[in-house]
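Colleague: I have this fold open on my screen and would like to talk it through with you. Could you walk me through the sheet, the helices and the side chains?

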Amino acid sequence: MTYQVELDISHEATHSEVEQFATDHGCTAQLLMADGPAGGNPLYLFKSESFDMLQELYEQVMGHGHGFDEEELKTMFVEV
């Protein structure tokens with residue numbers, strides 16, 4: 001089973017830095033939009049075979065105080 005989530009990432013990070021960050025967290029990153037809807041930041045699709053690894057990546061991007069519990073995250077992460 002694969003899980004995925006779309007996140008906008010700061011424009012300060014290079015594409016290769018985003019890819020390396022994803023790899024370090026057991027995920028892949030695909031650039032969906034270079035000038036995304038959230039203030040012009042790039043929009044990436046992150047995928048992983050592991051829900052836990054994707055959750056770890058999400059928490060690193062959004063911060064540990066993101067305000068969502070595991071059940072809410074399950075509705076944000078798409079199973080494909």
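Colleague: Which residues form one aromatic cluster?

Modeller: Before I answer, note that this is a predicted model, where local features need pLDDT of at least 70, side-chain atom pairs count only at pLDDT 80 or more, and totals for chains, interfaces and linings use all residues. Residues are numbered from 1 along each chain as its sequence is written, and side-chain values use heavy atoms, with hydrogens and water left out. Rings of Phe, Tyr and Trp (its six-membered ring) pair if their centres lie within 6.5 Å; planes under 30 degrees apart count as stacked, over 60 as edge-to-face and the rest as tilted. A search of the whole structure finds four aromatic pairs, and the residues that form one cluster are Tyr3, Phe51, Tyr58 and Phe77.

Colleague: What kind of aromatic pair do Tyr3 and Phe51 form?

Modeller: Helices (H or I, at least four residues) and strands (E, at least two) are DSSP runs, numbered from the N terminus. The ring centres of Tyr3 and Phe51 are 5.6 Å apart, with 80° between the planes. Tyr3 lies in strand β1 and Phe51 in helix α2, so the pair ties together parts that are 48 residues apart in sequence. By its angle, the pair is edge-to-face.

Colleague: Is Phe51 buried or exposed?

Modeller: Buried means under 20% relative accessible area, exposed over 50%, and partly exposed in between (1.4 Å probe, protein chains only). Tyr3, its ring partner, has a relative accessible area of 16% and is buried. For Phe51 the value is 12%, so the label is buried.

Colleague: How are the rings of Phe51 and Phe77 arranged?

Modeller: Phe77 sits in the loop between α3 (70-76) and β4, while Phe51 is in helix α2, so this pair links parts 26 residues apart in sequence. Phe77 is buried too, at 4% relative accessibility. The ring centres are 5.2 Å apart and the planes lie at 55°, so the pair is tilted.

Colleague: Let's turn to the sheet. In what order do the four strands stand?

Modeller: Two strands pair if DSSP finds at least two bridges between them. Strand β1 (residues 3-8) and strand β3 (residues 43-48) pair in the antiparallel sense over six bridges, with Val5 opposite Phe46 and Leu7 opposite Tyr44. Two bridges join β1 to β4, also antiparallel, and Tyr3 has Glu79 as its bridge partner there. The sheet is open, and the order is β2-β3-β1-β4.

Colleague: Which strands stand at the edges?

Modeller: An edge strand here has a single partner strand, so one side of it is left without a neighbour in the sheet. The two in that position are β2 (28-33) and β4 (78-79).

Colleague: At what angle does helix α1 run to β2?

Modeller: Axes are lines fitted to C-alpha atoms, for helices over the stretch in contact, and angles run from 0 to 180 degrees between N-to-C directions. Helix α1 (residues 15-24) lies across β2 and β3. Its direction relative to β2 is about 140°.

Colleague: Why do the buried residues of α2 line one face of the helix?

Modeller: An α-helix has 3.6 residues a turn, so residues three or four places apart point the same way. In α2, the buried residues are Phe51, Leu54, Gln55, Leu57 and Tyr58, and they pack against β1, α1, β3 and α3. The arc is that of the directions from the helix axis to the C-beta atoms. Seen down the axis, these residues line one face because they fall within an arc of 160°.

Colleague: One last thing: how far apart in space are Ala29 and Tyr44?

Modeller: Ala29 is in strand β2 and is buried, at 17% relative accessible area. Leaving aside neighbours within four places in sequence, its contacts include Val18, Glu19 and Tyr44. Ala29 and Tyr44 are 15 residues apart in sequence, and their C-alpha to C-alpha distance is 6.3 Å.

How values were computed
Contact means heavy atoms within 4.5 Å.
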